[in-house]
Number of protein chains: 2
Amino acid sequence: MAHAITPRSENFAQWYQDVIKEADLAENSSVRGCMIIKPWGFAIWELVQKALDGMIKETGHENVYFPLLIPLRFLEKEAAHVEGFAKECAVVTHYRLETNSEGKLVPSPDAILQEPLIIRPTSETIIGEAMASWVQSYKDLPILINQWCNVMRWEMRPRLFLRTSEFLWQEGHTAHATSEEAQIETLKMLDVYDDLARSYLAIPVIKGEKTENERFPGAVHTYTIEAMMQDGKALQAGTSHFLGQNFSKAYNIRFTNKDQQQDFAWTTSWGVTTRLIGALIMTHSDDEGLVLPPRIAPHQVVIIPVIKKDDSPEDMVAFCTKIRDDLKTLHWNDQPLRVHVDVKPSSSQDKFWTAVKKGVPIRIEVGKREMDAGLLSVSKRTGPSKERVSIPIQELSSFIQDTLSQIQETLLEKASTFCNTNTITVSSLEALRDVFSKDETHSLPFVKIHYHPSADQDTSVQETLKALKISVRCIPLDNTGQDGICLFTQKSTSQEVLVARAY
Amino acid sequence: MAHAITPRSENFAQWYQDVIKEADLAENSSVRGCMIIKPWGFAIWELVQKALDGMIKETGHENVYFPLLIPLRFLEKEAAHVEGFAKECAVVTHYRLETNSEGKLVPSPDAILQEPLIIRPTSETIIGEAMASWVQSYKDLPILINQWCNVMRWEMRPRLFLRTSEFLWQEGHTAHATSEEAQIETLKMLDVYDDLARSYLAIPVIKGEKTENERFPGAVHTYTIEAMMQDGKALQAGTSHFLGQNFSKAYNIRFTNKDQQQDFAWTTSWGVTTRLIGALIMTHSDDEGLVLPPRIAPHQVVIIPVIKKDDSPEDMVAFCTKIRDDLKTLHWNDQPLRVHVDVKPSSSQDKFWTAVKKGVPIRIEVGKREMDAGLLSVSKRTGPSKERVSIPIQELSSFIQDTLSQIQETLLEKASTFCNTNTITVSSLEALRDVFSKDETHSLPFVKIHYHPSADQDTSVQETLKALKISVRCIPLDNTGQDGICLFTQKSTSQEVLVARAY
């Protein structure tokens, strides 16, 4: 069954698509760039949502919902913001359809909007407008809100989960009385994302600040978590922005401070998207299909009845159901275990490979022999697929709990080792060229270099990066701050950045 | 504080708006017809979602996500469907903005979509298209899916929660191998909605079938739950549709049945929306503000520190926090108690009225005296606001649990009594005219009448109903089926319907 998946070494991009297809996570829709997220993919997203939503509320934020459509004039108010998003906006111009004289359904010429509306690419503008009316005094601050919703950024080269015109995300928006408070908030939410990535998705991310070129349109500082995929490319997995007073000045979020002076609020915004599912796939999965960290696996354990010709299917299913029900009373990581009995009318062989391709962490196969002996045949998604261990039924509970913990840890460790091993430092432009001139079948590294701040606005430097098809991913927050020579400008600088090829 | 709310007897519509404003549930946005759902309103919606999502999964459905945008040609395929929705569709025609020669931001004339896209008013069309590709054999059926999302139906006379151009909902879509199975599904989900309304929202709804005129565009049967608001008007609170083979024929959802014959699938769809919040408000709230059934109250208990001049605020807040933390370890209705300490820098009087206006079921006021005596001052949102009982701290837990149960039950009973008392039967057109010719300040009843099926297509009957500003709400499922004379056509019929003025 696993042969339907192209090996990573052969064609990584095709492998990615194959994993999605074979795990039945999502598919392209008839609307260009917009995907259909199928039950298994959506169940993973729901688990990510649940984990993150808890953390967002734990840090004092409340959920809200703002309109999908944004008037053009809102967008225009922040110059950098409109510049950044205008080219990707889907525009609503009519509010009715009619059948024309040829019997064709068309937008009604009598129902043209006086002002076109755009589908939100992000909501700083419409939320800024509302915050302005909510805030009068420092007593009204901070405002700490978040929404889970769909957004639209027209995409010319769509790829499932990684780049889709419509995607799902959460966007947090906060307003504060002081710059310090807003900066603390920005980094606090970056830490929340880091925690989500590591603790749930088992993705070791690198926290860093974006350089000027890569900042969110309208932000003063943009922070990112960057993850290394198995082909060595970087994937930006979440961002948190300190917006300074740029948006509060554009939308007039003004308040009376403690000294009775008028001031503009300091705002932040931060978001992660369904792209995380793409990151998840490319971090852990293998040539047999999806691999899921147990904490975000919709089924952590699948029980497969192996029914032979002379067996009683009813007895077997009843036995499996009993095991499931017993396991479901257990907790792992403060959640009830998620256990599934596969009773579909397909062969046990098919069920086994379905569980493999869908990344279910633990499989239990139950045949007549196992039933009679009270000895279960257990295998792990992260072990060799043919390797089974026999577990006495009375030891199953603790074995499952321990094994899930061990899988969760191992996945993070393995990915961390991979990322660390493939992160190198180079100190000359020739060395950098060397690294990134290899053909696409080689796994690429993250490369740490000294990079003078002025290089970001230097056209020739940017052209060199472009020619190597790499970009500055971030200034890691854990930099040592040691001086060195910028590879491009030859200026001395303490600023080190990570460069990489990126998704 | 409560004086900011117009009494129901004076102006019910204004009262409704005032309750929303004073409870800070939602507000109008700058985009006509689109609302901003604020933290308190959204927290209620999240609790409704959580309850319903559990029931939807419990009945075997899986969540998915389909694209927001739908190609025009999809809509065209089902004639009744397009007829029903064309007049309310927001249309996307461009995918980029640009700055024109006058420096104005406009939809780019170079980025016109070849085929306009509509924002989903509902998703039967795009889901039908996908199902067609998923189903080959009866073994692929049933398909049982659901999505939580935003939809858009352009609204000329918007009202918060009740009629908004954009609203949030869940839409379930299923496909089955037989008509019987699909019909069972349709009624099963109607029962789920009935259960949600009664058990969580404490709204006693009437289950019934819509007559032909009121059917969902494209449905064979539409079932509804209808609720009576305090002004006696009906509110359609949820619908479940048996679509027969109409959509499967339009979208070619075809399969090989057990007899190796080609057949079209039988489909259903069903949904409830943020309108439920409107129903909730108009069922339970009073002239002091919102009243919330405990099961969907974001805070079930609020603790208010009453700090006087010589008191130590730290001690008081610590004492309140301790009570909160103790209560939060308790469960009520299988959920941890939701308890809040109001530590805002406002007066205890203000906090008290805030809790009243927001509908928090139980308030605990804690002053120095209460702290010293270990005797807490507890009041209920559903009792007279000035009525407090003193509860020894060691009895608090059981008192709270019992009181929440009692409030939940009482709200349903009270609303049921109101609905039953105000449901009458009339047997002549004159009597019907009498009932609905009273001025708007009177509370209106639901009226049960005999109504021959042919009356639905009789223009003069429909004009009579329109003149009385009433509509046929449903054919209740619990009708006795006794024969009678249709008020309008004078024909003998066993069909009884409820008519009412409606939202």
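I will cover the conventions, then the chain contact, the core, the sheets and some helices.

What you see is a predicted model, in which local features need pLDDT of at least 70, side-chain atom pairs count only at pLDDT 80 or more, and totals for chains, interfaces and linings use all residues. Residues are numbered from 1 along each chain as its sequence is written, while chains are lettered from A and ligands numbered from 1 in the order in which they are written.

Start with the contact between the chains. Chain A gives 49 residues to it and chain B gives 49 residues; two residues are in contact if their C-beta atoms, placed from the backbone, lie within 7 Å. On the side of chain A that touches chain B, the largest share is four residues, from strand β5 (residues 91-94) of chain A. Strands here are DSSP runs of E with at least two residues, helices are runs of H or I with at least four, and both are numbered from the N terminus. By type, that side of chain A divides into 33 nonpolar, six polar and 10 charged residues. Nonpolar means Ala, Val, Leu, Ile, Met, Phe, Trp, Tyr, Cys and Pro; charged means Asp, Glu, Lys and Arg; the others, Gly among them, are polar.

What joins β5(A) to strand β5 (residues 91-94) of chain B? Three bridges do, and the two strands run antiparallel. Two strands count as paired if DSSP finds at least two bridges between them. In this pair, A:Val92 has B:Val92 as its bridge partner.

Now the core. The largest nonpolar core holds 308 residues, and those with the most contacts inside it are A:Ile203, A:Ala227, A:Ala237, B:Ile203, B:Ala227 and B:Ala237. Such a core is a set of buried Ala, Val, Leu, Ile, Met, Phe, Trp, Tyr and Cys residues joined through C-beta atoms within 7 Å. Buried means 20 or more other C-beta atoms within 10 Å of a residue's own, exposed means 12 or fewer, and partly exposed is in between, with C-beta atoms placed from the backbone. Leaving out residues up to four places away in sequence, B:Ala227 touches B:Ala197, B:Ile203, B:Val205, B:Leu235, B:Ala237, B:Ala279 and B:Thr283.

Next, the sheets. Chain B has an open sheet of 11 strands with mixed pairing, in the order β3-β9-β10-β16-β13-β12-β11-β26-β29-β25-β24. Its edge strands are β3 (62-63) and β24 (423-425) of chain B, each pairing on one side only. Within the sheet, strand β9 (residues 143-152) and strand β10 (residues 166-176) of chain B pair in the antiparallel sense over 10 bridges, and B:Cys149 has B:Trp169 in β10(B) as its bridge partner. Helix α5 (residues 124-134) of chain B packs on this sheet, touching β9, β10 and β16 (266-273) of chain B, and its direction makes about 30° with that of β10(B). Axes are lines fitted to C-alpha atoms, for helices over the stretch in contact, and angles run from 0 to 180 degrees between N-to-C directions. Helix α6 (residues 179-200) of chain B lies across β10, β11 (206-209), β12 (221-228), β13 (234-244) and β16 of chain B, at about 165° to β13(B).

Chain A has an open sheet of five strands, β20-β17-β21-β22-β23, again with mixed pairing. β20 (339-341) and β23 (389-392) of chain A each have a single partner strand, so one side of each is left without a neighbour in the sheet. Strands β17 (residues 301-305) and β21 (residues 362-366) of chain A pair in the parallel sense over five bridges, with A:Val301 partnered by A:Ile362. Helix α9 (residues 313-328) of chain A packs on the sheet against β17, β20 and β21 of chain A, at about 165° to β17(A). Helix α10 (residues 348-357) of chain A touches β17 and β21 of chain A, at about 170° to β17(A).

α2(A) has 20 residues and reaches 28 Å from its first C-alpha to its last, close to the 28 Å expected at 1.5 Å a residue; the expected span is 1.5 Å times one less than the number of residues. Its buried residues include A:Trp40, A:Phe42 and A:Trp45. Just after α2(A), A:Gly60 takes a positive phi of about 95°. Is A:Gly60 buried or exposed? A:Gly60 is exposed, because 11 other C-beta atoms lie within 10 Å. A:Gly60 sits in the loop between α2 (39-58) and β3 (62-63) of chain A. The C-alpha atoms of A:Gly60 and A:Leu144 are separated by 7.0 Å, although the two are 84 residues apart along the chain.
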